[in-house]
Amino acid sequence: MGDKATTDMAIEGELALQTLAMPKDTNANGDIFGGWLVSQMDLAAGIMSKQVTQGRSATVAIQNVNFIKPVSVGATVSCYCRVTKTGNSSVHIAVDVWVSHRLTHQDSVKVAEGLFVFVALDDDGKPRPIPKVNEA
Ligand SMILES: CC(C)(COP(=O)(O)OP(=O)(O)OC[C@H]1O[C@@H](n2cnc3c(N)ncnc32)[C@H](O)[C@@H]1OP(=O)(O)O)[C@@H](O)C(=O)NCCC(=O)NCCS
């Protein structure tokens with residue numbers, strides 16, 4: 001995805017995870033390693049999945065991950081999540097990653113996006129129905 005698609009985008013979703021990009025998370029070029037970023041996205045989606053599924057769940061698929069811009073050491077990394085679909089036992093969670101180098105976050109830039117599919121699991125690790133909101 002090029003710059004055109006990310007122009008004028010606003011932050012969508014709920015802030016599920018915020019962390020700092022550290023030197024240990026860099027790739028051979030000195031930028032932040034994509035695998036680390038995906039790990040943060042998976043954690044963020046997992047936090048939202050826990051709320052939605054009201055219990056144990058696991059990532060069953062990671063789809064359409066795009067790395068839009070490089071991330072530098074010292075950036076504040078914020079993962080915003082939103083549920084895009086809820087099935088019987090699965091929930092689709094879109095994750096957008098924005099980074100900022102200032103306290104105000106006025107310079108925030110979207111650097112990555114992806115769709116994470118989680119499945120609610122029972123005690124035996126088998127899919128279980130996601131409780132309906134009014135059953136909570
Ligand atoms: C999650 C797991 C129990 C699902 O088992 P399964 O036999 O595929 O279960 P089902 O076929 O009944 O599918 C369960 C749900 O997941 C969805 N699903 C399964 N595989 C999927 C995939 N690759 N992409 C999107 N959705 C998927 C199904 O559509 C179904 O959704 P629904 O109940 O809302 O209709 C099993 O795949 C598993 O244990 N995977 C490992 C999970 C894990 O350890 N993740 C951590 C990363 S290592």
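1. In this predicted model, Lys110 and Asp96 form a salt bridge through their side chains, with an N to O distance of 3.4 Å. Lys110 belongs to strand 5 (residues 109–120) and Asp96 to strand 4 (residues 90–100), so this pair ties together parts that are 14 residues apart in sequence.

2. Lys110 has a relative accessible area of 7% and is buried. Asp96 likewise counts as buried, at 5% relative accessibility. The cut-off that applies here is a relative accessible area under 20%.

3. Lys110 also takes part in a salt bridge with the side chain of Glu113, where the N to O distance is 2.8 Å. Glu113 is buried as well, its relative accessibility being 12%.

4. A further salt bridge joins Glu12 and Arg82, whose closest N and O atoms are 3.9 Å apart. Because Glu12 lies in the loop between helix 1 (3–6) and strand 1 (14–20), whereas Arg82 lies in strand 3 (residues 76–86), the pair ties together parts that are 70 residues apart in sequence. The 3.9 Å separation should be read against the criterion of within 4 Å.

5. As to the accessibility of this pair, Glu12 is partly exposed, at a relative accessible area of 42%. Arg82 is also partly exposed, with a value of 27%.

6. Taken together, these residues belong to one arrangement: a network of salt bridges links Glu12, Arg82, Asp96, Lys110 and Glu113. In the whole structure, the search finds five salt bridges.

Technical notes
Residues numbered from 1 in each chain as written. Predicted model: local features only at pLDDT ≥ 70, side-chain atom pairs only at ≥ 80, totals over all residues. Heavy atoms only, no water. Helix = DSSP H or I, 4+ residues; strand = E, 2+ residues; numbered from the N terminus. Buried < 20%, exposed > 50% of the residue type's maximum accessible area, 1.4 Å probe, protein only.
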